[in-house]
Amino acid sequence: MSPDAGHEARYRAIAADLAAKIRSGHYAPGKALPPQRELSARYGVTLMTLRQALRELSDERLIVQRHGRGTFVAPPHLAYQLDSLRSLVDDLRKQGHDVRTVVAGRAVRRVPARIAAELRLPPGDTALRLERVREFAGRPAVHQVSWVRRPVAERIRDRDFAAVSLYTALADAGVTVASASEVVRPGLLDPAVARHLHEERGSPVLVSTRITYTLDGTPVVADHATILGSMMEIRTERAATGLSLTWGATT
């Protein structure tokens, strides 16, 4: 066996062993792997060889390496479905995921100009601002700000949004959600949201902007969600009719 072939065999064997331990639960989702120096000593290889094994695991999306913090077992990826009209939590729970919601803020505030335009409100009008953080696999994954127009806001503002989804609260208040338009773009994590998600600012994220409409076409909710790119993938089922996707360049 050539030296190069022997080197490749070693790091692939290490990658296979670590992958087996991750899949068996020996290293649990979201937990840190032992430090690289400890692992290299345990396997009797150089740091360079170990890092090649870790790159294999990263390519397989089994681990996430966070600069200055270490190497962590990746959580199972959330699938953000584009073919349904459900709240984010309802969608994820339907897939069998355990999602915890933390309400970070709830207040009636004057709407920013962009939200006023999305909800077709006059400048200076107010709406309910609901801020939530979604936790998955023991760590924050999604930061979401929802603006709900009045008079619907008055009917739902006292609901326990840690336990009830916004769409459920709307339905209980007699509001029928008929459609939604949504744009998902790649982005970078800004400092304010980074604090909520316990992630470094500038990390890659997905940014979702969704406008939800009632039966008469009135926009009732404007949502802005920041989703960690390391924890969620976008998935849809294609068919000859039904789902319509529009692809365009980001600006």
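Here, buried means under 20% relative accessible area, exposed over 50%, and partly exposed in between, with a 1.4 Å probe and protein chains only. By that rule Arg 120, at 54% relative accessibility, counts as exposed. This is a predicted model, in which local features need pLDDT of at least 70, side-chain atom pairs count only at pLDDT 80 or more, and totals for chains, interfaces and linings use all residues. Residues are numbered from 1 along each chain as its sequence is written, and side-chain values use heavy atoms, with hydrogens and water left out.

- Arg 120 has a positive phi, near 55°, and sits in the loop between helix H5 (113-119) and strand S5 (126-136); helices (H or I, at least four residues) and strands (E, at least two) are DSSP runs, numbered from the N terminus.
- His 198 likewise has a positive phi, near 55°, in the loop between helix H8 (191-197) and S8.
- His 198 is exposed, because its relative accessible area is 54%.

**Helix H3**
- The 13 residues of H3 (residues 47-59) should span 18 Å at 1.5 Å a residue, and the end C-alpha atoms are 18 Å apart, which agrees; the expected span is 1.5 Å times one less than the number of residues.
- Buried residues in H3 include Leu 47, Leu 50, Leu 54 and Leu 57.
- After H3 comes Arg 61, with a positive phi near 60°.

**A buried arginine and a cis proline**
- Arg 210, in strand S8 (residues 204-214), counts as buried because its relative accessibility is 9%.
- The side chains of Arg 210 and Tyr 167 make a polar contact of 3.1 Å (a pair of N or O atoms within 3.5 Å; within protein, one must be able to donate a hydrogen and the other to accept it, and residues adjacent in sequence count only if both atoms are side-chain atoms).
- Arg 150 and Pro 151 are joined by a cis peptide bond, with omega about 5°, and Pro 151 is in the loop between strand S6 (139-149) and helix H6 (152-156).

**Lining of the second largest pocket**
- Strand S1 (residues 63-66) gives the most to this lining, with three residues; a pocket is an open set of points on a 1 Å grid over the protein atoms alone, where a 1.4 Å probe fits, with protein on both sides within 12 Å along at least five of seven lines, and lining residues have an atom within 4 Å of a point.
- Among the lining residues are Val 64, Arg 66, Glu 199, Pro 204 and Leu 228.
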